Amino acid sequence: MKLSHLAETLIGSEIIKLAGEIKEKQAKGEKIYNFTIGDFDPKVFPIPVEFENEICQAYRDKYTNYPPADGIAELRKAVGEFIAEREGLTFDPASEIVISCGGRPIIYATYRTIVDRGEKVIYATPSWNNNHYTHFLEGEHVVLEAKAENDFMPTAAELKPLLKGATLLALCSPQNPTGTTFGKKQLEEICDMVLAENKSRGADEKPLYVLFDQMYWVLTFGETEHYNPVSLRPEMKNYTVFIDGMSKAFAGTGVRVGWALGPKHVMTKMKAILSHVGAWSPMAEQKAAAKYLVQKEAVDKYLKHFKGEVEERLVKIYEGFDALKKAGHKVDAIAPQAAIYLTIKLDLAGKKTADGIVLEDQGAVTSYILDEAKLAVVPFYAFGSAKTSPWYRLSVGTCVKEEIPAMLAALKAALEKLQ
């Protein structure tokens with residue numbers, strides 16, 4: 001019973017596979033410290049109460065009909081004002097902003113709008129789902145394995161040899177899965193490289209576009225600053241499509257309000273594509289978001305508290321890994337920069353368990369840590385990195401901070417059993 005080539009060849013999600021193992025253990029009554037989910041526990045991280053009230057009121061006001069394909073005008077206006085005030089970017093709500101039900105549909109629509117079958121898509125690994133979207137379009141995968149010394153962010157020097165003939169460069173900052181960001185100079189160099197490449201192309205050639213996923217941009221910590229291509233190089237506005245929304249910035253992953261910002265000619269076609277797949281954000285949520293985003297004091301208050309809670313968890317776990325590293329264990333972590341993720345290293349392949357079993361690869365390492373320490377984290381190979389990569393994503397979206405000491409103690413005990 002054959003199906004489409006896409007259906008037959010699509011790679012399954014390693015995260016979903018790991019989630020299945022976790023559920024089995026939890027069903028048996030095991031306590032699992034689950035740091036795999038790029039989501040939030042609403043009991044730990046609720047959405048803003050003002051936003052919640054606006055959603056409930058919108059449903060009471062019977063806003064349950066179809067919204068426009070590109071989103072209601074008042075939400076596009078509110079998004080434009082929000083981005084202009086907080087990021088200094090100017091986009092016309094009427095023609096350069098499209099609303100959708102979260103980030104996934106607009107990422108897919110960006111790919112669909114720009115990339116034709118067989119065209120080159122450049123993306124670094126680890127990164128979220130670029131391999132799947134490129135596969136959907138039967139594009140040519142041009143993959144760069146990012147390096148730990150660059151905080152797993154691609155550099156202009158690494159990307160430059162890959163540009164010729166490429167149609168789309170997919171970038172993300174703050175990055176999922178790493179929680180790291182582009183530095184100012186690093187991103188400037190990439191922008192200059194893209195601009196130079198586009199100047200070298202003929203009038204009948206498709207330019208190189210940049211998909212810039214900044215879904216986590218409000219969640220930066222310490223001295224980390226968020227930079228974007230258009231603020232650094234205004235000429236990039238002709239070639240950049242921003243992916244953004246409320247899913248991660250306001251812990252509203254299930255609320256489904258996302259938006260794309262970009263050139264009019266791209267947004268017009270994206271709107272048409274989305275209209276055919278019906279990927280619009282619910283009318284009530286759009287009405288609520290339009291009213292909430294303009295409440296500056298409420299937004300500021302929420303973000304201050306939200307960011308503080310996320311950062312506290314990331315820092316405590318980072319400090320725990322640093323202590324384990326100083327104690328001689330083969331672990332490491334990159335200091336928290338942004339998002340809800342901590343990049344950790346479990347360089348344990350080749351070690352022997354107390355039973356004399358050799359941890360032959362990272363799959364065995366992942367299973368050992370889950371079985372012995374009850375700690376669930378996602379290996380970078382689930383995000384396209386090499387199977388041998390010892391690096392992992394740790395997400396704090398469902399983390400109860402009072403449980404962090406017990407989690408670190410369980411990990412320490414598991415590490416001490418290895419030879």
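**Note on aromatic rings and pockets**

1. Phe40, Phe45, Phe51, Phe82, Trp217, Phe250, Tyr292, Tyr302 and Phe306 form one aromatic cluster, where rings of Phe, Tyr and Trp (its six-membered ring) pair if their centres lie within 6.5 Å. The model is predicted, so local features need pLDDT of at least 70 and side-chain atom pairs count only at pLDDT 80 or more, while totals for chains, interfaces and linings use all residues. Residues are numbered from 1 along each chain as its sequence is written, and side-chain values use heavy atoms, with hydrogens and water left out.

2. The structure holds 20 aromatic pairs. In one of them, the ring centres of Phe51 and Tyr292 lie 5.5 Å apart with planes at 25°, so this pair is stacked (planes under 30 degrees apart count as stacked, over 60 as edge-to-face and the rest as tilted). The pair links distant parts of the chain, since Phe51 belongs to helix H3 (residues 49-60) and Tyr292 to helix H11 (residues 283-292), 241 residues apart; helices (H or I, at least four residues) and strands (E, at least two) are DSSP runs, numbered from the N terminus. Phe51 counts as buried at 1% relative accessibility, and Tyr292 counts as buried at 0% (buried means under 20% relative accessible area, exposed over 50%, partly exposed in between, with a 1.4 Å probe and protein chains only).

3. The rings of Tyr108 and Tyr133 have centres 6.5 Å apart and planes at 40°, so they make a tilted pair. Tyr108 lies in helix H5 (residues 103-114) and Tyr133 in helix H6 (residues 130-136), so the pair ties together parts that are 25 residues apart in sequence. Tyr108 is partly exposed at 27% relative accessibility, whereas Tyr133 is buried at 6%.

4. The largest pocket holds about 960 Å³ of space. On a 1 Å grid over the protein atoms alone, a pocket is an open set of points where a 1.4 Å probe fits, with protein on both sides within 12 Å along at least five of seven lines, and lining residues have an atom within 4 Å of a point. Grid points are joined across faces, edges and corners, and a volume is the space filled by probe spheres set on the points. Its lining has 38 residues, of which Ser13, Ile15, Arg104, Trp128 and Asn129 lie nearest the centre of the pocket. Helix H2 (14-27), H5 and H6 each supply at least two residues of this lining.

5. The second largest pocket holds about 320 Å³ of space. Of the 17 residues that line this pocket, Gln26, Ile32, Asn34, Ile37 and Thr398 are the closest to its centre.
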